[in-house]
Amino acid sequence: MALRMLCTKSLNLSRISSLNCVNNLPKHLQNVTTASTIRWSSFRSSEPVGDLAQFPEVEVVRNPPEWKFVERLLAPRTVPKPVAKESYPSGWKPANPQPGLKYVVLRTKNHMLPVYLRRSYRGQRRITAVRHVEGDIWQLEAELRYLIEKQQNRPIITRVNEMNRQIELKGDHVAFVEKFLLEKGM
């Protein structure tokens, strides 16, 4: 009978507390089963704050000398501009688009190329997405499709979304697209 009561969808705590098995539970669980259930997730059921005089006084200081130690721990509000160098050890290159191009792929706020790989269906479907395309998006899609088809020696499926300014290519072509965009100076 006790097993049937515990397996039912609605658990009646008053019926369980009347059983002798409650006395065998630890002390903190006996109180839970015998007490009425309280929902603590809502602010309305929680205890009110009470008198503010019981809390310590707080002083708000504007621009104290100690604030410089706190500021260096905080994250910067904007991403700083990268320092211009001849070459970077990570292989990153700054944007320098070639003149005469009808399209531009804008960098992200972290100065990275917006080329992403999306996986779905447990990793079986891979789609390469190129975002932040400005200008003639159809020309960029045609050039990418031509070069990838030439490299793989088979046709690929592409999709252009003009409203979102992005191109999707079926397959994992992230490294190839990034290399192509870097050669174009984007």
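This is a predicted model: local features need pLDDT of at least 70, side-chain atom pairs count only at pLDDT 80 or more; totals for chains, interfaces and linings use all residues.
In which sense do strand E3 and E6 pair, and over how many bridges?

View 1. E3 (residues 125-130) pairs with E6 in the antiparallel sense, with 4 bridges between them. Look for Val 130, whose bridge partner in E6 is Ile 167. Strand E5 (residues 158-161) also runs antiparallel to E6, again joined by 4 bridges, and here Thr 158 stands opposite Leu 169. As for cover, 4 of the 5 residues of E6 are buried.

**View 2. The turn between E5 and E6.** These two strands make a hairpin, with 4 residues between them. Arg 165 sits in that turn and has a positive phi of about 55 degrees.

**View 3. Helix H5, one face in and one face out.** Its 16 residues reach 22 Å from first C-alpha to last, close to the 22 Å expected at 1.5 Å a residue. Ile 137, Leu 140, Glu 141, Leu 144 and Ile 148 are the buried ones. Seen down the axis of H5, they fall within an arc of 95 degrees, so they line one face of the helix. Their cover includes E1, E3, strand E4 (133-135), E5, E6 and H6. Turned away from that buried side are the exposed Tyr 146 and Lys 150. Just past the end of H5, Asn 153 takes a positive phi of about 60 degrees.

**View 4. Inside the largest nonpolar core.** Of its 19 residues, Val 130, Leu 140, Val 177 and Leu 181 touch the most other members. E1 (103-105), H5 (137-152), E6 (166-170) and H6 (174-183) each supply at least two residues. Zoom in on Val 177: leaving aside neighbours within four places in sequence, its contacts are Val 115, Thr 128, Val 130, Leu 144, Ile 148 and Leu 169.

How values were computed
Residues are numbered from 1 along each chain as its sequence is written. Side-chain values use heavy atoms; hydrogens and water are left out. A nonpolar core is a set of buried Ala, Val, Leu, Ile, Met, Phe, Trp, Tyr and Cys residues joined through side-chain atoms within 4.5 Å. Buried means under 20% relative accessible area, exposed over 50%, partly exposed in between (1.4 Å probe, protein chains only). Contact means heavy atoms within 4.5 Å. Two strands pair if DSSP finds at least two bridges between them. The expected span of a helix is 1.5 Å times one less than its number of residues. The arc is that of the directions from the helix axis to the C-beta atoms.
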